[in-house]
Amino acid sequence: MTLDLAAFAKDKGIKYFMISYTDLFSGQRAKLVPAQAIAGMQEDGAGFAGFATWLDMTPAHPDLFAVPDASSVIQLPWKKDVAWVAADCMMEGELVGQAPRNVLKKLVKEAEAAGKRVKTGVEAEFFLITADGAKISDEYDTAEKPCYDQQAVMRRYDVISEICDYMLELGWGAYQNDHEDANGQFEMNWEFDDALKTADKHSFFKFMVKSIAEKHGLRATFMPKPFKGLTGNGCHCHISVWSNDGKTNVFADREAEFGLSAEGKHFLGGIMKHASSLAAITNPTVNSYKRINAPRTTSGATWSPNTVTWTGNNRTHMVRVPGPGRFELRLPDGAVNPYLLQAVIIAAGLDGLRSNADPGPHHDIDMYAEGHLVKNAPRLPLNLLDALRAYDEDEGLKQAIGSEFSEAYLKLKHQEWNAYCSHFTQWERDSTLDI
């Protein structure tokens, strides 16, 4: 039975609802709606001008209505009189095919029709930086190998503990927080869930982290590579597939190599098959390719892949299988759209299941030291344009995610690339002024 948001507001003391949707560029868009008006909004949606956000629309398009999905509602733990609710975009009574949450919901249904329930967990890394974005916020966080730094994480205890307390209050099953491999970088983990629920939580997590950082006079960034020489922000995704009742992990086979079943390997095969093209989704910005193609960082490793390879419990590859019944995709970065991340994983994986895709041989070497020994493994795209071209050439993946979405995404992302290329930089003046 659908939750009545008006009754929810009365029960929880909610004064306002944030009806929120995420556009193609991961922009989180919302209208602040008084609780007295939420009943009508729950039925008809809140009106937006789609062209005013990153969707492939014109000013002449009809109103876009964001219809709240009441099952996603979250009372803001730090502002109890406000509730956030994810919305599905509609126009003239039809779902908007390019809207990221709609794309994911379509693929979740396709998986269910195939008897599969995809569950995932994400590791959304972020930096806590100064409010002006110029540098990391902790001047004493200078260790050469800062990962898991005890003193550094405690100097940011007020921020990290407040966010973790809220995740616990929300019932997310938060279980660990740490200082990550770059100075000023952190990671917070919560339990895995169904793909749509993980996407909604991921979206809300980014909003919450930024809000709490601002509350403390800081700024949080999920930018893939905000600082030269430091490890970038990854968003590793742990993937398993279950029966529709959620009771049987169909990836798990303790008798198989790495504990990964034949179906698990076929799903992985789909990821490997489409890796170079799905990078356009998992690594969606110009800056993304300064993370996955980065030189060695001050800590000694980038912790990000640059080649399409898989392995057992070894963090130097694009995919690792850390234990039975799941695998970790290490390609995505902090700029990834929470909904499109899940969607592209499901699309590629289902294709792998349908075609009995072979992931190819695994490699157990240190890819950072011995990657040159691996022959015939594709390199990941060197830049956003290469990734967009790879995606555009992958007709199977484009159709699987949705032609309306793919057309819109490619159009706007090519515009973004062209804008980047037309931007003059100081590097150009330094390098060519006297030629």
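1. Contact here means that heavy atoms lie within 4.5 Å of each other. In this predicted model, F205 is, once its neighbours within four places in sequence are left aside, in contact with A124, F126, I163, M167, W172, M188, W190 and F222. F205 has a relative accessible area of 0%, and since buried means under 20%, F205 is buried.

2. The largest nonpolar core holds 123 residues, and the members that touch the most other members are F17, F126, F205, M208 and M318. Helix α9 (residues 338-355) gives the largest share of this core, with 11 residues. Because domain 1 (3-86) and domain 2 (104-424) both give residues to this core, it lies between them. Another core, which has six residues, lies apart from it and includes F127, I129, I136 and A182.

3. The aromatic pairs in the model come to a count of 22. In one of them, F205 and F222 have ring centres 6.3 Å apart and planes at 75 degrees, and because planes over 60 degrees apart count as edge-to-face, this pair is edge-to-face. F205 belongs to helix α6 (residues 195-215), whereas F222 is in the loop between β13 (219-221) and β14, so the pair ties together parts that are 17 residues apart in sequence. F222 is buried, with a relative accessible area of 5%, and K206 lies over the face of F222, at 5.3 Å from the ring centre.

4. Ring pairs also link a cluster, whose members are W78, W84, F126, Y166, W172, F186, W190, F204, F205, F207 and F222.

5. A further edge-to-face pair is formed by F258 and W310, with ring centres 5.7 Å apart and planes at 75 degrees. F258 lies in the loop between β14 and α7 (262-273) and W310 in strand β15 (residues 310-311), so this pair ties together parts that are 52 residues apart in sequence. What is the relative accessibility of F258? F258 is at 27% and counts as partly exposed, whereas W310 is buried, with a relative accessible area of 1%.

6. Strand β17 (residues 326-329) pairs with strand β14 (residues 235-242) in the antiparallel sense over three bridges, and F327 in β17 is the bridge partner of I239. Strand β16 (residues 319-323) also runs antiparallel to β17 and is joined to it by three bridges, with R326 of β17 as the bridge partner of G323. The hairpin of β16 and β17 has two residues between the strands, and there G325 takes a positive phi near 85 degrees.

Definitions and conventions. Residues are numbered from 1 along each chain as its sequence is written. This is a predicted model: local features need pLDDT of at least 70, side-chain atom pairs count only at pLDDT 80 or more; totals for chains, interfaces and linings use all residues. Side-chain values use heavy atoms; hydrogens and water are left out. Two strands pair if DSSP finds at least two bridges between them. Helices (H or I, at least four residues) and strands (E, at least two) are DSSP runs, numbered from the N terminus. A nonpolar core is a set of buried Ala, Val, Leu, Ile, Met, Phe, Trp, Tyr and Cys residues joined through side-chain atoms within 4.5 Å. Buried means under 20% relative accessible area, exposed over 50%, partly exposed in between (1.4 Å probe, protein chains only). Domain bounds come from an automatic or database domain assignment. Rings of Phe, Tyr and Trp (its six-membered ring) pair if their centres lie within 6.5 Å; planes under 30 degrees apart count as stacked, over 60 as edge-to-face and the rest as tilted. A charge sits over a ring if NZ of Lys or CZ of Arg is within 6 Å of the ring centre and within 35 degrees of the ring normal.
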